[in-house]
Amino acid sequence: MLVITFGFPNCNNAKQSIPTEPVWAVQLIANEKSFPVVEKIEQIFIKRLRERGNIEVSKSKNLPLKIVFKIEEGVGKEGFSITDGKNGEVTITGNDERGLLYGVGKLLRISEYTSGGFKVGRWRGTSVPQKKIRGIYWATHFYNYYQNAPIEELEHYVEDLGLWGYNNIKVWYDMHHFTSFSDTVAVGFRERIAAIMKAARAIEMGVSFTMIANEAYANDPECWRAVPGAGRGAVYPEDICPNKPRALAHALKLRGEFFDWCRQFNPEYITVWPYDPGGCASAGCQPWGSNGFLKAARAVADLAGEKIPDTRIILSTWMFDSTEWSGLQQQLPDVNKWMDMLMVEKIPGAEKKHKGFFTNLPDTVTAIGFPEISMYNSFPWGGFGANPFPHKLLQQWKEVKNLSAGGFPYSEGIFDDINKITYAQMYWDKNVDIDQVLKEYIRYELGVAATDSVLKVIHTLEQNHHLRWWPGKLEGIKLTLDWFPSKNVKPQEDPGAEDAFQIAERTDANMLPWAKENWRWRILYIRAMLDAELKVNGGTPTSKCYQGFCELLKLYHCDGKTDPVVKPPLSASDYKSMPACE
């Protein structure tokens, strides 16, 4: 058992009670040798306190507030309890190592970080997650934040998401970018993935991988390539046709190389993907989702079972049409023999698409989701800072919460952080109070104890979340897929935008230095500023807007390779006129 104590010197031996005032000094006591994961959780706890006020950590002072870390079965799988004990103790009991991590996260969130130090939160009780699969998918491509940020930032972010309740992180080894497994760029990319995986495993967080059923490397023979015409979403020419002679065998050889490499991380899940990218229009493969895709996916699943026996297969149905849905349903008895879960999430803005599919699944099929939290009603994604739409996500969740076992929200960067947290807590408690979650977020991540004012800002930003466009400046920007969904949209009224930014300015003026400089606050503040500035200027950016865009570029670690779809909306001429953006 580990004992961590907080507080100030106590000069007498009287029975201690939990301090009601903020404290600065922190004492850490380890009563026995810890397991590596518990030691890592302890380090994270100490690091987060230091980040939020440089609170002193001591192992010698006898201080009145004692926080006890304990692991004891009986709470419920991955659950925790926070209770008061004798002599001022606050005990966090995890049912297991993950439960302890989540309990520590809860205590951090309910506490306050003030100019006077750390004030421990008063919530007490037991909490056990309701959904088994609480994953997050990091889209490691487009030279976005996940592909460009320093490894230390990514490791820190993995820990942050673990503290909020996520239990799995998934990435994609996007083969079409590379010429072969030994390509030096591919080797470097795998090293980045490995760092993310190691950070997750260090806190007992599971890891997973997505792979396209028929993807291949750029230098693979063209004679094996898929017949174009069946793709949906992103389409890359490197995909292969599984019905061409020796093509599938070659694709499995490539998968085998990757499975041999990733086995070291003991991945919990391998998700096999149909479209965006993927697909083949050959007669032998159509309809792809219920024909060629299932053939390739079955082969990948069998190979994964040989190479990584403990992994489980998630079959994605992303972008299936009604014919493919019907075909898959007819084959479910056989498909269910080699897959473990079916990914069937609907996307925001298309709530009626395939409505009722969840309810048509047999009890033998475990359904999970793939909610989109980055792109909805916005372009470029993250280009205007934070994109919170938690209540939109809540409405989406209500349709499937009693049928879904959880899921993996799709993320393109840090700008959707509030949306990530929304899903983490909805997966934890399917009936959670979202505004209460947001208040914990504001208190812990932004350091604002008076949460109502910032909560109002978030509500206004969600209300005014929409596509933006201004003529001239954005024209000519080269996108990977030559796609600009916001083109020619008209300015909207954005009610309350000025008031929201005034609240943000007042809040910013009174924030503690650690919170004021925090990227979470900066992307929220910049978004509020952009909404207000664009409104008063008829939808066209001002010089202040361009300063905000430049700051976002730096926060996202954009470089010359970053695709315009995941960075602020600046044209080539903008970059030339603003050296600070380079």
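A salt bridge is counted here when a side-chain nitrogen of Lys or Arg lies within 4 Å of a carboxyl oxygen of Asp or Glu. The structure is a predicted model, in which local features need pLDDT of at least 70 and side-chain atom pairs count only at pLDDT 80 or more, while totals for chains, interfaces and linings use all residues. Residues are numbered from 1 along each chain as its sequence is written, and side-chain values use heavy atoms, with hydrogens and water left out.

| Pair | N to O distance |
|---|---|
| Arg312 and Glu268 | 3.5 Å |
| Asp531 and Arg468 | 3.0 Å |
| Arg522 and Asp508 | 4.0 Å |

Arg312 forms its salt bridge with Glu268, and this pair links distant parts of the chain, 44 residues apart, with Arg312 in strand S14 (residues 312-316) and Glu268 in the loop between helix H6 (247-262) and strand S13 (269-273). Helices (H or I, at least four residues) and strands (E, at least two) are DSSP runs, numbered from the N terminus. Arg312 is partly exposed at 25% relative accessibility, whereas Glu268 is buried at 19%; buried means under 20% relative accessible area, exposed over 50%, and partly exposed in between (1.4 Å probe, protein chains only).

Asp531 and Arg468 also meet in a salt bridge. Because Asp531 lies in helix H15 (residues 519-536) and Arg468 in the loop between helix H12 (451-463) and helix H13 (497-509), the pair ties together parts that are 63 residues apart in sequence. Both of these residues, Asp531 and Arg468, are buried.
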